[in-house]
Amino acid sequence: GKDLFKSAKGVHIYTNSGKKILDFTGGLGVLGIGHNHQRILDARIKFQKENKMEVHKILFSNYMGALAKNIATLLPKNLNKSFFSNSGAEAVEAAIKVCYKSYNSKKKYILFSNKSYHGKLIGSGSVSGSYLKNNQFPTMQNCVSFNFNDPVDLEEKIINAEKDGGVYAVIIEPYSASLLKECSQEFIDKLFYLKKNKDFRIIYDEVFSGFYKSKKMFYFENFKNNYTPDVICLSKTFGGGKSSISCLVMDDVVYNKAYSKLSDTFLHTTTYNGFAEESLTALEALNIISEESFKDKVKKLSEYLNIKLQELNKKHKDKIDQIKGNGILNGIVFKSIYSNMAKLIELFPLGIIQDKAFFLKKLTATAISCELYEKHNILSTINDSINSNHLCVSPSLIIEENDINYFFKSLDNVLEGGVNLKTIE
């Protein structure tokens, strides 16, 4: 639109014209602790005032060492070797490489879900099922997809791969932020059974779902039998809303087999990784997130969001198709209630519309999101995945009840009054 965003604090953005916007997007996972958290700002300002060393790559960083230690304390004991990069997609790329190399580069295949999303780089994009359908770039070889949450198909694909070089890794999202669905216990049971029998690495991508977005610190903690991965990828909230940082954490077995030789030290590096100020920011973010009061607040927030979603669903059964989600990651799928919505489809290239009913629901959610902004100064989002058609209800973890109440009151008002389709034309 015409608004220019001037500043932000907590869950609010302020425009150049003086409007106060409620940011209900959660920064697409990045703003777990909101915009410009004061403790994050204070830590960075102090660092800068003291002229701390920032970018020297040939000297050991105490900040990076402390960050590696702290992230290890939050994870199961076997996950204790960290590598820091800039984005979730980079962490995924590094995870693919470390798993491949841990078998002396002799195993051939990596498996991924047909509805997954792991990034848009050449490697991460090659194992992102939801991205591949519209991918216009080259893809990595030997990437095999299995049907999401389908243990039978997973086993079949692994057995087939065993006939021709074997599997070095299976990458999964324990909880998919785009689908708002989790891996079932049955699927995870089968995955770890196959790992035991066929010997491959398991990568968990918790870039979006990590850090209490599912009431637990990490979503995989919801699985029974203590199923921990060989490698986990983390980012988004990890940077405290200010730092471009991600990490992969692996166990000693994978690390020792992949990178423990001195000659292998520089096989995977990046210029902008583990800088002191970025590490310091992530350290302070972890300090905030790790406090018991923060955990209690997120639990109450998740429960309150669920109550408000169910109230809305009950009141607008004629307009709401489905409430999806877990913890702080939720969505509303609306019925395509506007008959003249079909006219708008003519504006879109036919090639992108695979399922007309699905697309109409996504268009309805988009119209409602526009109305929330235009009439109520609420910024919300629609997931861009081809497998998603819901209005995202995933605010920052620091949001207060009064702002949640305002969101639902405004959404109720939009549903009561009807949507002006011209807002999205």
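A crossing of two helices is called left-handed if the near helix is turned anticlockwise from the far one by less than a right angle, and right-handed if clockwise. The legends describe a predicted model, in which local features need pLDDT of at least 70, side-chain atom pairs count only at pLDDT 80 or more, and totals for chains, interfaces and linings use all residues. Residues are numbered from 1 along each chain as its sequence is written, and side-chain values use heavy atoms, with hydrogens and water left out.

**View A. Crossing of helices H12 and H13.** Helix H12 (residues 356-376) packs against helix H13 (residues 401-417) at an angle of about 110°, the two axes lying 10 Å apart. H12 is therefore roughly perpendicular to H13, a term for angles of 65 to 115 degrees. The crossing of H12 and H13 is right-handed.

**View B. Residues between H12 and H13.** Ile368, Glu371, Leu372 and His376 of H12 meet Tyr406, Phe407, Ser410, Leu411, Asn413, Val414 and Leu415 of H13, contact meaning heavy atoms within 4.5 Å. Seven of these contact residues are nonpolar, three are polar and one is charged.

**View C. The aromatic pair Tyr175 and Tyr219.** The rings of Tyr175 and Tyr219 are 5.2 Å apart centre to centre, with 40° between their planes, and form a tilted pair; rings pair if their centres lie within 6.5 Å, and planes under 30 degrees apart count as stacked, over 60 as edge-to-face and the rest as tilted. Tyr175 and Tyr219 are both buried, that is, under 20% relative accessible area (1.4 Å probe, protein chains only).

**View D. The surrounding aromatic cluster.** One aromatic cluster is formed by Phe84, Tyr175, Tyr204, Phe211, Phe218, Tyr219, Phe220, Phe223 and Phe238.

Terms used
Axes are lines fitted to C-alpha atoms, for helices over the stretch in contact, and angles run from 0 to 180 degrees between N-to-C directions. Helices (H or I, at least four residues) and strands (E, at least two) are DSSP runs, numbered from the N terminus. Angles under 35 degrees count as roughly parallel, over 145 as roughly antiparallel, 65 to 115 as roughly perpendicular and the rest as oblique. Ala, Val, Leu, Ile, Met, Phe, Trp, Tyr, Cys and Pro count as nonpolar, Asp, Glu, Lys and Arg as charged, and the others, Gly among them, as polar. Rings of Phe, Tyr and Trp (its six-membered ring) pair if their centres lie within 6.5 Å; planes under 30 degrees apart count as stacked, over 60 as edge-to-face and the rest as tilted. Buried means under 20% relative accessible area, exposed over 50%, partly exposed in between (1.4 Å probe, protein chains only).
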